[in-house]
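Subject: Structure for you to look at

Dear colleague,

I am handing over a structure that I would like you to open and read alongside this message. My notes on it follow below.

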Amino acid sequence: MEPDNLNKEQDQNSWAVNAWTLLSKLRDQSPLIQCITNFVSMDLMANTLLSAGASPAMIHSIEEIQDFTPHVHALCINVGTLSPAWLPAMREAAQVANKAGKPWVLDPVAAGASSFRLKACLELVGLKPSVIRGNGSEIIALSKASIGATKGVDSSHESMDAMEAAKSLAQSSGAIVAVSGAVDIVTDGHRVVGAHNGVSMMQKITATGCAVTALIAAFVAVDPLHALEATASALSIFGIAGEMGMAMAKGPASLRMHLIDSVYNLDQAAVSSRLKVTSL
Ligand SMILES: Nc1ncnc2c1ncn2[C@@H]1O[C@H](COP(=O)(O)OP(=O)(O)OP(=O)(O)O)[C@@H](O)[C@H]1O
Ligand SMILES: Cc1ncsc1CCO
Ligand SMILES: [Mg+2]
């Protein structure tokens with residue numbers, strides 16, 4: 001084998017070993033993940049976390065944050081069905097998590113759909129999330145801080161179109177930025193990796209993006225010092241489960257079921273034979 005190919009194969013192996021190690025840790029440690037999330041995603045998000053081995057808690061009332069948030073292992077904030085009443089709780093949860101040294105992850109759903117939403121997302125970005133995960137259109141809107149014609153919660157961009165936006169958002173915010181799509185991009189503003197697993201039918205199930213953001217929170221909870229690697233691993237694991245689920249599915253509704261089963265049943269052989277992460 002050419003030395004270049006040998007290096008790539010070793011790289012691939014070490015990503016697969018790392019992703020499997022993190023999933024195993026998650027299953028052993030069952031981190032508690034607080035999710036302040038939209039009404040559409042609550043079910044799929046909680047079930048994705050449970051099937052991966054984490055312990056989800058959809059606790060969003062501002063009255064509970066001071067008591068509860070210091071004890072979680074990570075926090076996921078998702079603005080999908082945002083209304084003014086929810087914002088103070090999101091703000092406070094992010095601040096309490098920061099104070100307690102707990103990682104938190106932001107999903108800026110439909111960031112470019114309205115000025116209210118964009119302003120809220122930019123404020124949350126300023127509260128120092130460890131990771132921001134959005135689709136291409138969301139990351140472009142956040143990075144340019146501008147609203148515009150959008151398809152709402154769906155992306156009108158390929159993830160690759162958002163590469164420069166992702167790098168610049170990572171540099172300005174200090175967060176790891178992930179853009180989901182055919183290739184999931186993960187960057188710290190300098191290094192960029194692509195996670196290639198997944199099937200396009202995952203876009204036809206609402207809240208798969210929200211669910212993978214929560215899964216990222218769970219992976220970062222078990223490896224907070226390596227958020228880029230944890231993020232790429234979570235995206236890869238979810239993508240592999242999508243591929244395996246698709247082999248049994250007849251359409252989006254049955255893929256949803258098989259996706260959750262595949263996250264639950266994932267073994268080392270599937271991770272090491274299927275995982276594909278490359279430098280971009
Ligand atoms: N074309 C594609 N091929 C393979 N996998 C894809 C493709 N598009 C998206 N995915 C995968 O589907 C999942 C959801 O990504 P998507 O970009 O649709 O998120 P989203 O737009 O935020 O979704 P939602 O808002 O409904 O939660 C991710 O795991 C992503 O890797
Ligand atoms: C469809 C939808 N609308 C607001 S949030 C959400 C879930 C996918 O982001
Ligand atoms: Mg989304």
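A polar contact is a pair of N or O atoms within 3.5 Å; within protein, one must be able to donate a hydrogen and the other to accept it, and residues adjacent in sequence count only if both atoms are side-chain atoms. With that in mind, a polar side-chain atom of Asp184 lies 2.7 Å from an oxygen atom of ligand 1, and an N or O atom in the side chain of Ser180 is 2.7 Å from an oxygen atom of ligand 1, while for Asn135 the corresponding distance is 2.9 Å. Taken alone, ligand 1 exposes 630 Å², and the protein buries 90% of that (accessible areas come from the Shrake-Rupley method with a 1.4 Å probe; for residues, only the protein chains shown count as cover).

Please bear in mind that this is a predicted model, in which local features need pLDDT of at least 70 and side-chain atom pairs count only at pLDDT 80 or more, whereas totals for chains, interfaces and linings use all residues. Residues are numbered from 1 along each chain as its sequence is written, chains are lettered from A and ligands numbered from 1 in the order in which they are written, and side-chain values use heavy atoms, with hydrogens and water left out.

Around ligand 1 there are 18 residues (a residue is near if one of its heavy atoms lies within 4 Å), and they divide into 7 nonpolar, 9 polar and 2 charged (Ala, Val, Leu, Ile, Met, Phe, Trp, Tyr, Cys and Pro count as nonpolar, Asp, Glu, Lys and Arg as charged, and the others, Gly among them, as polar). Helix H8 gives the most to this shell, with 3 residues (helices, H or I, have at least four residues and strands, E, at least two, as DSSP runs numbered from the N terminus).

The residues around ligand 2 include Asn38, Thr81, Val153 and Cys210. Taken alone, ligand 2 exposes 280 Å², of which the protein buries 74%, and its shell has 5 nonpolar, 4 polar and no charged residues.

As for the whole protein, the secondary structure comes to 11 helices and 9 strands, and the C-alpha trace spans about 55 × 40 × 35 Å along its principal axes.

Best wishes
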